[in-house]
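Please examine the sequence and the structure shown here. The briefing below concerns charged side chains and strand pairing.

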Amino acid sequence: MSAVLRAAPFLWRREYFGCFLWSKDRSAFFKLEGQDALVWSLVRSGVPVPDIVSAHARTLPGLSDLQEVDRSIARLLSADLLLLGASPEPETGLLEAYEAFHLFRPKVATSKPVWVHLQPFTFCNLSCSHCYCNSSPSASKFRLDIQVWRDLIRRFDEYGIAEVFITGGETTLLDGAWELLAEIRSRGMGTGISTNAVLVTPTILDRLRELSITRVQVSIDGCEKTHEFFRGRQGQFHKTISNIAKLASIAEPVINTTVNQLNLHELDGIVKIGKSAGARKFKFFPQKRTGRAASLCDLALSDKEILGELASSCRELSERHGVDIETTTPNDLCGSGRSGFAVDEIADVYPCIFGIGSLSQRAGNLLQDSIDDLWFDAQVMVDFRKRVAQPCHNCEDL
């Protein structure tokens, strides 16, 4: 292979397995392993193809088999990851680029994060009895300047984070939250919001539409009596259901239910109510012993109930009602600490959003530490990933 080639204009980062590539608008992602990753990165660095297939290159591990190198080039061309034409990059020496590729390989066999749960505030119009982060009307709005959060979003973008989800608190109430959502969308990253849907105004609908935010997670804690018990305010249930229907006209609402002893047997009713309002996706995850819910331990499901009754109910309800239901399953590890992490209102980092506020779960702070240092070296993260027991209780201080 002696054609003049250039790398397709993807953003990329080095991973332990090779390279992770993505388009600027996050519409395309590629995982390159082994020799394919090496060849692509060399071309991306400006190494001419004749150098990659030269006699000198065949003395280097990963480039020694000329036929295999040609096959890698063919695969990359077929996938449009290499293109015909001169590279805009300055020509680089083979050995320099080869050594750089190996130098920046992560030290451990853990993929870098692809999503972040960002909780920049805990201000909320409700004070739910089972809230994991103690949100309330008296809680803080923003403890860090909006520009600080913009800078963090920029860092996430440059690092290769694909999605940044804003949570709180009640996201729809604060202009600053909308500014951050706009920043995320302007960078092509995916996003979504969580809301109690107590207040869904035409302005809120317009903002969601303008930012093309289609993932809206709405909390429903049971049928009317149970929902209003947890929410601590009467007369909100029917308003919330009506507002879900409004959201369904422009977005894809996902009903999120924190499952416990009071609502475990109301899941069928929740699905029926959600469907009637236009929802087709549900998340039924067990209540964690965190935040205010730590004082409601008697309501928490047992492990047997989580892996037995809850899991089987979700399968049955999904089939019967023709909806998607996400829940805890025996064979799937939680992605927290493995594919993403959470950030609290002062930029402290935690493996899981439910562990926010617990000092034993704190990995470090983004204003002081690099993402790589927090992800790969923080002992909290390392220990978190070692725990594989199901159901997951990693975020809880037991």
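The points that follow are grouped by topic.

This is a predicted model, in which local features need pLDDT of at least 70 and side-chain atom pairs count only at pLDDT 80 or more, while totals for chains, interfaces and linings use all residues. Residues are numbered from 1 along each chain as its sequence is written, and side-chain values use heavy atoms, with hydrogens and water left out. Helices (H or I, at least four residues) and strands (E, at least two) are DSSP runs, numbered from the N terminus.

**Salt bridges**

- A salt bridge is defined here as a side-chain nitrogen of Lys or Arg within 4 Å of a carboxyl oxygen of Asp or Glu, and by this rule the count comes to 21 salt bridges.
- Accessibility is classed as buried (under 20% relative accessible area), exposed (over 50%) or partly exposed (in between), using a 1.4 Å probe and protein chains only. Asp 157 counts as buried because its relative accessibility is 4%, and Arg 26 counts as buried at 8%.
- Arg 143 and Glu 345 also meet through their side chains in a salt bridge, at 3.9 Å from N to O. They lie 202 residues apart and link distant parts of the chain, with Arg 143 in the loop between strand S6 (115–118) and H5, and Glu 345 in the loop between S13 and S14.
- Arg 143 is exposed, with a relative accessible area of 53%, whereas Glu 345 is buried, with a relative accessible area of 14%.
- Glu 183 forms a salt bridge with Arg 150, and the closest N and O atoms are 2.6 Å apart. Here too the pair links distant parts of the chain, 33 residues apart, with Glu 183 in helix H6 (residues 175–186) and Arg 150 in helix H5.
- Glu 183 is buried at a relative accessible area of 13%, while Arg 150 is partly exposed at 23%.
- A network of salt bridges links Lys 24, Arg 26, Arg 150, Asp 157, Glu 179, Glu 183 and Arg 187.

- Asp 344 lies in the loop between strand S13 (340–343) and strand S14 (348–350).
- Asp 344 is buried yet has no salt bridge; Arg 362, the nearest side chain of opposite charge, is 6.7 Å away. For charge, Lys and Arg count as positive and Asp and Glu as negative, with His and the chain ends not counted.
- The side chain of Asp 344 reaches the backbone nitrogen of Asp 348 at 2.9 Å, and it makes a polar contact with the side chain of Tyr 350 at 3.4 Å. A polar contact is a pair of N or O atoms within 3.5 Å; within protein, one must be able to donate a hydrogen and the other to accept it, and residues adjacent in sequence count only if both atoms are side-chain atoms.
- Not counting residues up to four places away in sequence, Asp 344 touches Gln 119, Trp 149, Tyr 350 and Ile 356, where contact means heavy atoms within 4.5 Å.

**The S2-S3-S4 sheet**

- Three strands form an open, antiparallel sheet in the order S2-S3-S4; two strands pair if DSSP finds at least two bridges between them.
- Strand S2 (11–15) and S4 are the edge strands, each pairing on one side only.
- S2 and S3 pair in the antiparallel sense over five bridges, and a hairpin joins S2 to S3 through two residues. Leu 21 in S3 is the bridge partner of Trp 12, and Cys 19 in S3 is the bridge partner of Arg 14.
- S3 and S4 likewise pair in the antiparallel sense over five bridges. Phe 20 stands opposite Lys 31 in S4, and Gly 18 has Glu 33 in S4 as its bridge partner.
- The hairpin of S3 and S4 has six residues between the strands, and Arg 26 takes a positive phi near 60 degrees there.
- S3 is largely enclosed by the rest of the structure, because five of its five residues are buried.
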